[in-house]
Amino acid sequence: MLGSGETDFAPQLKSLNKNLFTVVAWDPRGYGHSRPPDRDFPVDFFERDAKDAVDLMKTLKFKKISLLGWSDGGITALFAAAKYPSYINKMVIWGANAYVTEEDERIYQGIRDVSKWSEKARKPLEALYGYDYLAKTCEKWVDGIGQFKHLPDGNICRHLLPLVQCPTLIVHGEKDPLVPRFHADFIHEQVKGSRLHLMPEGKHNLHLRFANEFNKLAEDFLQ
């Protein structure tokens, strides 16, 4: 949560093959440089983000797009692919989940207080947002994602997965402390024809820690 193109996708913006791709990083409303407004989390915030992203790319005159979606962005990508199938060519997602369990909720509560984050994790976001906005919005995110736990089956987008038509690559870091493996397995089972690629040493930020490997995976799949 609270990531931005600037703070979280530098190796992709810099190094993905510009001869093959036009790379656009967008900040959802309330994140990064898409402020104001302040970020809020109504129950349809993922669907709203997906519509915002598609509307932006259409405004930029892209006829069809492929998606790279990480964490919340991976969930947003699933919404976009299900809701706008004719507009999405291919999709790579990692660190995403289609529902929320009690185990997930315990993990989220563990990151609620940003003062307990490592300095390495907190510093770039604090520089972007200021401490107060970061702390307040992180708490709001935990409550926002937690509301899905109270829906049937903890549903975020599990009902949409069978509607995804585009070729989909799911990448999962087997040492991800925030998103357990069963989430990647479930998306893989439910998205017809999808591929699952496991990175044994990958954590949640595998696209940063193993940028070269990830970029090659994405380029090979999206070509």
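Biologist: Why are β2 and strand β3 said to pair?
Modeller: Four bridges join β2 to β3 (residues 168-173), and the two strands run parallel. The names of strands (DSSP runs of E, at least two residues) and helices (runs of H or I, at least four residues) are numbered from the N terminus.

Biologist: What kind of model is this, and how are residues numbered?
Modeller: This is a predicted model, in which local features need pLDDT of at least 70 and side-chain atom pairs count only at pLDDT 80 or more, while totals for chains, interfaces and linings use all residues. Residues are numbered from 1 along each chain as its sequence is written, and side-chain values use heavy atoms, with hydrogens and water left out.

Biologist: What makes the unit of β1, α4 and β2 right-handed?
Modeller: β1, α4 and β2 form a right-handed β-α-β unit. The word applies because, with the strands pointing away from the viewer, the path from the first strand over the helix to the second runs clockwise.

Biologist: Why is β2 described as largely enclosed?
Modeller: Six of the seven residues of β2 are buried, so the rest of the structure largely encloses this strand. Buried means under 20% relative accessible area, exposed over 50%, and partly exposed in between, with a 1.4 Å probe and protein chains only.

Biologist: Why is D49 called buried, and which residues does it contact?
Modeller: D49 has 3% relative accessibility, so it counts as buried. D49 belongs to helix α3 (residues 45-59). Beyond its neighbours within four places in sequence, D49 contacts (heavy atoms within 4.5 Å) W26, P28, R29, R39 and T76.

Biologist: Are L2 and K61 buried or exposed, and what is the phi of each?
Modeller: L2, in the segment before α1 (5-8), is buried because its relative accessibility is 0%. K61, in the loop between α3 and β1 (65-70), has a relative accessible area of 66% and is therefore exposed. Phi is near 70° for L2 and near 75° for K61; each is a positive value in a residue other than glycine.

Biologist: What makes a group of residues a nonpolar core, and which members of the largest one touch the most others?
Modeller: A nonpolar core is a set of buried Ala, Val, Leu, Ile, Met, Phe, Trp, Tyr and Cys residues joined through side-chain atoms within 4.5 Å. The largest has 51 residues, of which M91, I156, C157 and I187 touch the most other members. Apart from this core lies another of 15 residues, among them W70, V92, L169 and M199. In soluble globular proteins, nonpolar side chains tend to be buried together.

How values were computed: Two strands pair if DSSP finds at least two bridges between them.
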